[in-house]
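Please keep the sequence and the model in view while reading.

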Amino acid sequence: MKRVTVFCGSSLGTAEIYGKQAFRLGEILAERKIGLVYGGANVGLMNAVANGSLSRGGEVTGVLPVFIKDKGLAHKNLKELILVDTMHERKTRMNDLSDGVIALPGGFGTLEEFFETLTWGQLGLHRKPVGLLNINGFYDPLNILAKTMVEKGFLREENRKMLLISDDIEHLLDQMENYIAPTIDKWIIRENNLA
């Protein structure tokens, strides 16, 4: 992987560990010579991960909608800040620039970005690894929900396994480096006609 997109919160959360781990992720990406692509803002976990990478001389690319820049939220120390018009354009551009995706804790926006990218992989639109950094057990309920989706027949086990998850940064990156995308068709065939 040459570049990784990180989706994460524009807030720091309630526990200090979220910001510390975001900063550490940025540091480790830089140490591994992996460029960071992120949302371009100077707040919350976004700011922490960018500053972590920059502190180690990492390559950081921000992708920021103009309306957010106009609020004064653009990170000022980036060598590359790409301005776009819409949130959708932002997400597409971030996908185009990266070889993998990591989601840190965040809110609705983080989950929306993460799940669209994961769905693109499920549909075979890309073969990139998609991972969750499970800081402080944040994504435990989501991991349980993914297993429930399989049990209830809404998700194949092979597709659930696309969801790489770890509470350890190095372990997550190793999983991503060794990721092999599934080759099965996404579609679950209805065995019973319920109509």
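Q: Which residue in β7 does Val130 stand opposite?
A: The model discussed here is predicted. Strands β6 (130-133) and β7 run parallel and are joined by four bridges. Val130 stands opposite a residue of β7, and that residue is Leu163.

Q: Which residues of β6 point the other way from Val130 and Leu132?
A: Two directions are taken by the residues of β6, and the residues on either side are buried. Val130 and Leu132 point one way. Those that point the other way are Gly131 and Leu133.

Q: Which residue is the bridge partner of Ile102 in β6?
A: Strand β6 also pairs with β5, in the parallel sense and over three bridges. For Ile102, the bridge partner in β6 is Gly131.

Q: What is the order of the strands in the open sheet?
A: The sheet is open, has seven strands and shows parallel pairing. Neighbouring strands in this sheet are turned against each other by 25° on average, direction ignored. The order is β4-β3-β2-β1-β5-β6-β7.

Q: Which strands stand at the edges of the sheet?
A: In the order β4-β3-β2-β1-β5-β6-β7, the two ends are taken by β4 and β7. Each of these has a single partner strand, so one side of each has no neighbour in the sheet. The edge strands are therefore β4 and β7 (163-166).

Q: How many of the six residues of strand β3 are buried?
A: Strand β3 covers residues 60-65. On one side lie Val60, Gly62 and Leu64, on the other Thr61, Val63 and Pro65, and both faces are covered. Being buried requires under 20% relative accessible area. The number of buried residues in β3 is six.

Q: Which residue of β4 does Gly62 stand opposite?
A: Gly62 of β3 is the bridge partner of Tyr38, and three bridges join the parallel strands β2 and β3. Another pair in these strands is Val37 opposite Thr61. Strand β3 also pairs with β4 in the parallel sense, over five bridges. In β4, Gly62 stands opposite Leu81.

Q: Which residues have the most contacts inside the largest nonpolar core?
A: In soluble globular proteins, nonpolar side chains tend to be buried together. The largest nonpolar core of this model has 47 residues. Those with the most contacts inside this core are Val6, Ile102 and Leu104.

Q: Which residues does Leu104 touch, not counting residues up to four places away in sequence?
A: Leu104 belongs to the largest nonpolar core. Leaving out residues up to four places away in sequence, its contacts are Val6, Phe7, Cys8, Ala22, Leu25, Leu45, Thr110, Leu133, Ile135 and Tyr139.

Q: Against which elements do the buried residues of α1 pack?
A: The buried residues of α1 include Tyr18, Ala22, Leu25 and Ile28. The elements against which the buried residues of α1 pack are β1 (3-7), β2 (35-38), α2 (44-55), β5 (101-103) and α8 (169-177).

Q: Is Lys33 buried or exposed?
A: Lys33 follows α1 and is found in the loop between α1 and β2. Although not a glycine, Lys33 has a positive phi of about 60°. Exposed means over 50% relative accessible area. At 71% relative accessibility, Lys33 therefore counts as exposed.

Q: Is Asn136 buried or exposed?
A: Asn136 lies in the loop between β6 and α6 (140-151). Its phi is positive, about 60°, although Asn136 is not a glycine. With a relative accessibility of 51%, Asn136 counts as exposed.

Q: How far apart in space are Asp85 and Asn159, C-alpha to C-alpha?
A: Asp85 has its place in the loop between β4 (80-84) and α4 (87-97), and at 60% relative accessibility it counts as exposed. Asp85 and Asn159 are 74 residues apart in sequence. In space, C-alpha to C-alpha, the distance between Asp85 and Asn159 is 32 Å.

How values were computed:
Residues numbered from 1 in each chain as written. Predicted model: local features only at pLDDT ≥ 70, side-chain atom pairs only at ≥ 80, totals over all residues. Heavy atoms only, no water. Core = buried A, V, L, I, M, F, W, Y, C linked by side-chain atoms within 4.5 Å. Buried < 20%, exposed > 50% of the residue type's maximum accessible area, 1.4 Å probe, protein only. Contact = heavy atoms within 4.5 Å. Pairing = 2+ DSSP bridges. Axes fitted to C-alpha atoms, helices over the stretch in contact; angles between N-to-C directions.
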